[in-house]
Amino acid sequence: PFSKSNSNNLDTMSSLLLNKPTPVNYKKMRFVIIPAPDDRTMPKYLIELKKYNVKTLIRTCEPTYQDSTLTKEGIKVLDLAFADGSSPPPDIIEKFLWTVDSTWPIRPKEQDPNGNGESEAIAIHCVAGLGRAPMLVAIALIHAGMDNLEAIEKVRHERKKAFNQPQIEFLQKYKPPKNGKGC
């Protein structure tokens with residue numbers, strides 16, 4: 001049950017969210033970048049994830065919380081871990097883009113299947129939400145047709161200090177796979 005003492009605990013946890021969730025939207029795609037929650041901060045993150053209608057959470061780092069907390073709330077957890085400070089390897093990019101294309105398939109006029117005014121969102125996190133998570137979002141934007149530099153600028157505009165220099169260089173040269181799909 002939700003009691004006044006639980007409410008106070010959530011207010012205290014709110015101050016623990018040093019980096020607030022960062023939405024990044026493009027066309028029909030809706031991403032939310034967050035730093036890694038842990039079991040202690042997960043209740044506050046769950047409130048935030050529900051606000052954005054998150055149905056999938058992509059974890060790009062080692063687990064810091066119990067997946068069951070999210071799955072009980074109807075949020076699927078997908079592990080796509082890769083090295084901190086690096087760019088994702090081709091197999092991670094392929095799995096990520098498959099998830100993106102599965103979440104927002106090309107269907108005219110079917111933006112809001114839930115009837116709640118907003119389409120589903122994908123949340124992505126790494127440790128701080130500044131490298132690996134923004135990398136995947138930028139890759140999805142490029143995959144959906146955005147110019148590489150525009151994708152970098154858009155993510156950086158929304159999530160200050162995103163990307164290190166090697167990641168920027170990777171994104172500048174990145175070419176989406178030629179599989180006939182688009183986000």
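Let's start with the core. The largest nonpolar core has 36 residues, and Met29, Phe31, Phe96, Ile124, Leu141 and Phe163 touch the most other members. A nonpolar core here is a set of buried Ala, Val, Leu, Ile, Met, Phe, Trp, Tyr and Cys residues joined through side-chain atoms within 4.5 Å. Buried means under 20% relative accessible area, exposed over 50%, partly exposed in between, with a 1.4 Å probe and protein chains only. H5 gives the largest share of this core, nine residues. Helices (H or I, at least four residues) and strands (E, at least two) are DSSP runs, numbered from the N terminus.

A word on the source. This is a predicted model: local features need pLDDT of at least 70, side-chain atom pairs count only at pLDDT 80 or more, and totals for chains, interfaces and linings use all residues. Residues are numbered from 1 along each chain as its sequence is written, and side-chain values use heavy atoms, with hydrogens and water left out.

Now the rings. How many aromatic pairs does a search of the whole structure find? Three. Rings of Phe, Tyr and Trp (its six-membered ring) pair if their centres lie within 6.5 Å; planes under 30 degrees apart are stacked, over 60 edge-to-face, the rest tilted. Phe31 and Phe96 have ring centres 6.3 Å apart and planes at 35 degrees, so this pair is tilted. Phe31 sits in strand E2 and Phe96 in helix H4, so the pair ties together parts 65 residues apart in sequence. Phe31 also pairs with Trp104, edge-to-face, at 5.2 Å centre to centre and 75 degrees between the planes. Trp104 is buried, at 4% relative accessibility. Ring pairs link Phe31, Phe96 and Trp104 into a cluster.
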